[in-house]
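Please read the following briefing beside the sequence and the model.

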Amino acid sequence: MNTPTAGPGALAEQILRGVGGPGNIESLTHCATRLRFQLHDGEKVDQAALDALGGVMATVPQSGDRLQIVIGGAVARVYSEIMNLPSMSAGGTPRPQSDADVKAAVRSKGRGRYAWVDNFFEYLSDSFRPLMGVLLGSSLIIAIASVLDALGVVDFRAADKSATWVFVDAMWRSVLYFLPIMVAYNAAKKLKIDPWVGAAVMAAVMTPNFTGMLNPKSGIPGITCTTNGTLGTQECVAHVFGLPMQLNDYGGQVFVPLLMVAVLALVYKGLQRIFPETVHLVFVPFFSMLIMIPITAFLIGPMGVWAGNGLGSGLSWLNGNAPIVFAIMIPLLYPFLVPLGLHWPLNALMLVNINTLGYDFIQGPMGAWNFACFGATAGVLLLSIRHREKEMRQTSVGALAAGLLGGISEPSLYGIHLRFKRIYPRMLVGCLVGGVIVGVLGGVDTKAFAFTSLLTIPVFSPMGTYGIAITASFFVSMALVYFSDFRTPQERVQANAERDAVEAAEAAARGEAVVVADDRELVTVGATTASTTASAGPAASVPAGSASAAGTSAAGTPVAGPGITLAAPVAGRVVGLDAVGDPVFASRALGEGVGIEPADGHVVAPVDGELVTVVSTGHAFGIRTADGVEVLIHIGIDTVQMNGEGFDVRVESGQRVRAGDLLVEVDLDAVRAAKHPTITLMTVTNTADLASVEPHTGQDVAAGAPVVTVRR
């Protein structure tokens, strides 16, 4: 008797030990009932220990260091638990693709022939990405403040705000003002130098001592300020060590820390080579700061400000002279920049615009992209509800919440869109529609850096234009995805089959016997069937679960003797399950029945009933009779690997058939060429619910001849 497991996850750990540990696993897949292992060394398997586990129905060693472990309806859960064990990260089996895997794969495709270009964009991306949380936090604080401003609760533009609202300003300005220090820390960490040195160098030009020199009335000797008559701005120069140093307010600047850390990395690593390792802690940070703070204040700081202002002015010119081109270009570029991590330079320009112009014109058109992205996710959510796809529904609900409430597109992109190639073209139509609306209606500006979500709509001006654009983007993408599906027709058939398998497994947990199928095989997963084992004789007999009128068939027609007759689905030689060459069928784990060495590929229904399942590969069919007898017809061994080639299916799931109706035409030569046995199996998968299932073997029969008698 199998021993019980210790709880959730324990069975997975015990199975892993039984197969020789993660290092012995070359690959692992699963079908509707079985874990399928390809091992490095089959001799390491402890079959006795595996067979003793509660939850393991059978252990089936195969040639070529392959192993099958029959689990039943819980196989998907056990597979997931095995793959998520910490020890599997060091094993030989790759995990299923996570969002991070998808992200890495997409970014690897974006790599060009010049490594320095890739490294440059990775440097930009990794300097900003860790700040997403605090940027989002400040964005939502801005959104709340903007809503209160729109409702007339407080005027955030007033010069005489109370201390309360000045404090609220500080809550979100803290992130934007000190952003250069945060960027410097991340950039230094990316270049593998002490991140605190990077932060300290940037902080030196943001201290009250430094910024105080920007005030002409400070009375500090050696400072001269002039007013730019054209721009109306004030420019101050301080004479330090007899040299002129241009003074700037570096709050919110991002180009300065990026340039500074790139130079700092050269200095820092150079100093590490000069000084012995024993004194690195003392002298490397000291000389790095002594060298880099003056270089930043005199040279890199002004250069970074000029560079940022120049780029911002160029985009501002494009936005002012060709607004519709700009409004269309931004939302159409972002879907390709974000997966590659190349959108951060544009995000940096948004911050520069706010610091120099007092407003930004990029975020408005960008909102069209974000809401087109969220609309596509909403389309996926509606389809997942319609098709009862539990996992996809959970994924899309989380991604949609992160998008609409937080303005974050990554969960949608990496969790859904990049996995299904049909989504992107439909999403781009939504981007285009939103961009055109923004351009035609004159553009959208904002005075704050904000993630584009439902909560930040009041931040944008004119709010009506922005609202119309993002609404159109959202619903166009949603409609296109919903009505044309995010899966191909073939993928939809496959997904529906997998859904049926999951639902049947859940039904099995409630003790219900159900026939289910996925792309690999068909099997009853009812609680009683899951415990069926090989019988001592030719028929597997268990106490009757119910009774029916003797002498009637499933269709209600008389038969010879009490019971239900199952006919041969194909002409050929009838053999017992012990001779079919598949240990799982031979164990009767899938019920009692027969195997037939087919004389031809003309496979028919063995009984009247409903086709509960027709697998997409055409190699297996499940029929339920009016009396509740569940019959599996399985053509060949491991023919699922043929992916439907050579199988011409003539029926569909849900269809009612009569005995003798054609189910499928099979090219037996193609099956043999693929090196699969052609034997066709027919079992009664709810054998455990019946009084007896009696196979009639050792004869040559025509299709339609009686080969199994079922008694209730």
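**A salt-bridged helix and the chain around it**

Arginine 672 is partly exposed, with a relative accessible area of 44%, on a scale where buried means under 20% relative accessible area, exposed means over 50%, and partly exposed lies in between (1.4 Å probe, protein chains only). This is a predicted model, in which local features need pLDDT of at least 70 and side-chain atom pairs count only at pLDDT 80 or more, whereas totals for chains, interfaces and linings use all residues. Residues are numbered from 1 along each chain as its sequence is written, and side-chain values use heavy atoms, with hydrogens and water left out.

**Salt bridges**

- The side chain of arginine 672 meets that of aspartate 669 in a salt bridge, at 3.2 Å from N to O, the term being used for a side-chain nitrogen of Lys or Arg within 4 Å of a carboxyl oxygen of Asp or Glu.
- Both of these residues, aspartate 669 and arginine 672, belong to helix H22 (residues 668–673), where they are 3 residues apart, about one turn of the helix; helices (H or I, at least four residues) and strands (E, at least two) are DSSP runs, numbered from the N terminus.
- An α-helix has 3.6 residues a turn, so residues three or four places apart point the same way.
- Aspartate 669 counts as exposed, at 58% relative accessibility.
- Salt bridges that share partners join Asp578, Arg588 and Glu592 into one network.
- Within that network, glutamate 592 and arginine 588 pair through their side chains at 3.3 Å, N to O, and the two are buried, glutamate 592 with a relative accessible area of 0% and arginine 588 with one of 5%.
- Aspartate 608 forms a salt bridge with arginine 658, the closest N and O atoms being 3.7 Å apart.
- This pair links distant parts of the chain, 50 residues apart, with aspartate 608 in the loop between strand S15 (602–604) and strand S16 (609–614), and arginine 658 in the loop between strand S20 (656–657) and strand S21 (662–666).

**The chain as a whole**

- The chain has 22 helices and 25 strands, and of its 712 residues 49% count as buried.
- Among contacts (heavy atoms within 4.5 Å) between residues at least 6 apart in sequence, 69% join residues at least 24 apart.
- The chain exposes about 31100 Å², of which carbon and sulfur atoms supply 61%; accessible areas come from the Shrake-Rupley method with a 1.4 Å probe, and for residues only the protein chains shown count as cover.
- In helix H1 (residues 10–18), Ala10, Leu11, Ala12, Ile15, Leu16 and Gly18 are buried, and H1 is followed by glycine 20, whose phi is positive, near 100°.

**Cysteines**

- The structure holds 0 disulfides, a disulfide being a pair of cysteine sulfur atoms within 2.5 Å.
- Cysteine 373 is in no disulfide, and the nearest cysteine sulfur, that of cysteine 431, is 8.1 Å away, which is too far for a bond.
- Cysteine 373 is buried, with a relative accessible area of 0%, and cysteine 431 is likewise buried, with a value of 0%.

**Nonpolar surface patch**

- Ile324, Val325, Leu432, Val436, Val440, Leu441 and Ile468 make a nonpolar surface patch of about 570 Å².
- Patches are made of residues with over 30% relative accessible area and no salt bridge, like charges being joined within 9 Å and nonpolar side chains (Val, Leu, Ile, Met, Phe, Trp, Tyr) within 5 Å.
- Helix H13 (323–340) and helix H18 (423–440) each supply at least two residues of the patch, and the largest share, 3 residues, comes from H18.
- Leucine 441 is found in the loop between H18 and strand S8 (445–446) and is partly exposed, with a relative accessible area of 46%.

**Confidence**

- The mean pLDDT of the chain is 78, and 77% of its residues reach 70 or more, pLDDT being the predictor's confidence in each residue, from 0 to 100.
- pLDDT stays under 50 over residues 1–6, for which the model has 14 contacts beyond four places in sequence, and also over residues 513–561, for which the model has 154 such contacts.
- Where pLDDT is low, the predicted coordinates should not be read in detail.
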